[in-house]
Amino acid sequence: MRLDKRNQFKNIKIVLSRWGFSKQGLLNNSKGEWYFFSQIQLILLHFIPPYPKIEHTQVAINTFFIIIGLSISIQGLIIVIKAFLDLGENLTPLPYPINESILIKNNSYQNVRHPLYKGLLLISLGISIFSLSLIHLCLLIFLAYILKIKALKEEERLKIKFPAYKKYIKEVPA
């Protein structure tokens, strides 16, 4: 069992290294590690209870917002899952493409350059709507800001790695 845990740790270390994580990068954000950790923190904060808590709304209004919010979040989740699958081995949580990556411009990436980010923002928007929470609305705004910065950093690197990305930017909206 101990050997099995050691192998699991070794496999995790290999994946993190393949994605570009390093001890130095964690200290100085050399590959956008801080953007990723900020993104994860903002996503996890969506689990906090809504504030202000609206208890005395009419049932019909409350049900309307729950249905709309859940519908938007489910749509976002579908977009995220599809984008993950479309990226395949090219997936990295950092805004730097991995060395062996290829440029993906088809499927969910043919209509929008950052479908993962779009899906995450839709999930966050849906949570904000069905919870009727100002805190969750603020989380959506902060998440949009972090993802915008991360996308700009990612696009700088993609232009360097893939000359065809410059044409792709002109054809497909972010």
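Author: Helices (H or I, at least four residues) and strands (E, at least two) are DSSP runs, numbered from the N terminus. This is a predicted model in which local features need pLDDT of at least 70, side-chain atom pairs count only at pLDDT 80 or more, and totals for chains, interfaces and linings use all residues. Residues are numbered from 1 along each chain as its sequence is written, and side-chain values use heavy atoms, with hydrogens and water left out.

Reader: How many helices and strands does the secondary structure of the chain come to?
Author: Along the sequence the pattern reads α-α-α-α-α-α-α. The count is seven helices and zero strands.

Reader: What part of the 174 residues in the chain is buried?
Author: Buried means under 20% relative accessible area, exposed over 50%, and partly exposed in between (1.4 Å probe, protein chains only). For the 174 residues of the chain, the buried part is 35%.

Reader: Which parts does the pair of Glu 155 and Arg 113 tie together, and how many residues apart are they in sequence?
Author: The closest N and O atoms of the salt bridge between Glu 155 and Arg 113 are 2.5 Å apart. Glu 155 lies in helix H6 and Arg 113 in the loop between H4 and helix H5 (115-131), so the parts tied together are 42 residues apart in sequence.

Reader: What is the relative accessible area of Glu 155, and what is that of Arg 113?
Author: Glu 155 is buried, with a value of 8%. Arg 113 is also buried, and its value is 11%.

Reader: Are Glu 171 and Lys 167 buried or exposed?
Author: Their side chains meet in a salt bridge at 3.6 Å, N to O. Glu 171 and Lys 167 both lie in helix H7 (residues 165-171), four residues apart. Both are exposed.

Reader: How many salt bridges does the structure hold?
Author: Among them are the pair of Asp 86 and Lys 82 and the pair of Glu 171 and Lys 167. The structure holds three.

Reader: Is H3 roughly parallel or antiparallel to H6?
Author: Axes are lines fitted to C-alpha atoms, for helices over the stretch in contact, and angles run from 0 to 180 degrees between N-to-C directions. The axes of helix H3 (residues 33-44) and helix H6 (residues 134-161) come within 10 Å and cross at roughly 155°. Angles under 35 degrees count as roughly parallel, over 145 as roughly antiparallel, 65 to 115 as roughly perpendicular and the rest as oblique. H3 is therefore roughly antiparallel to H6.

Reader: What separates the C-alpha atoms of Lys 31 and Glu 154?
Author: Lys 31 lies in the loop between helix H2 (23-28) and H3. Lys 31 and Glu 154 are 123 residues apart along the chain, and their C-alpha atoms are separated by 9.5 Å.

Key:
Salt bridge = Lys/Arg side-chain N within 4 Å of Asp/Glu carboxyl O.
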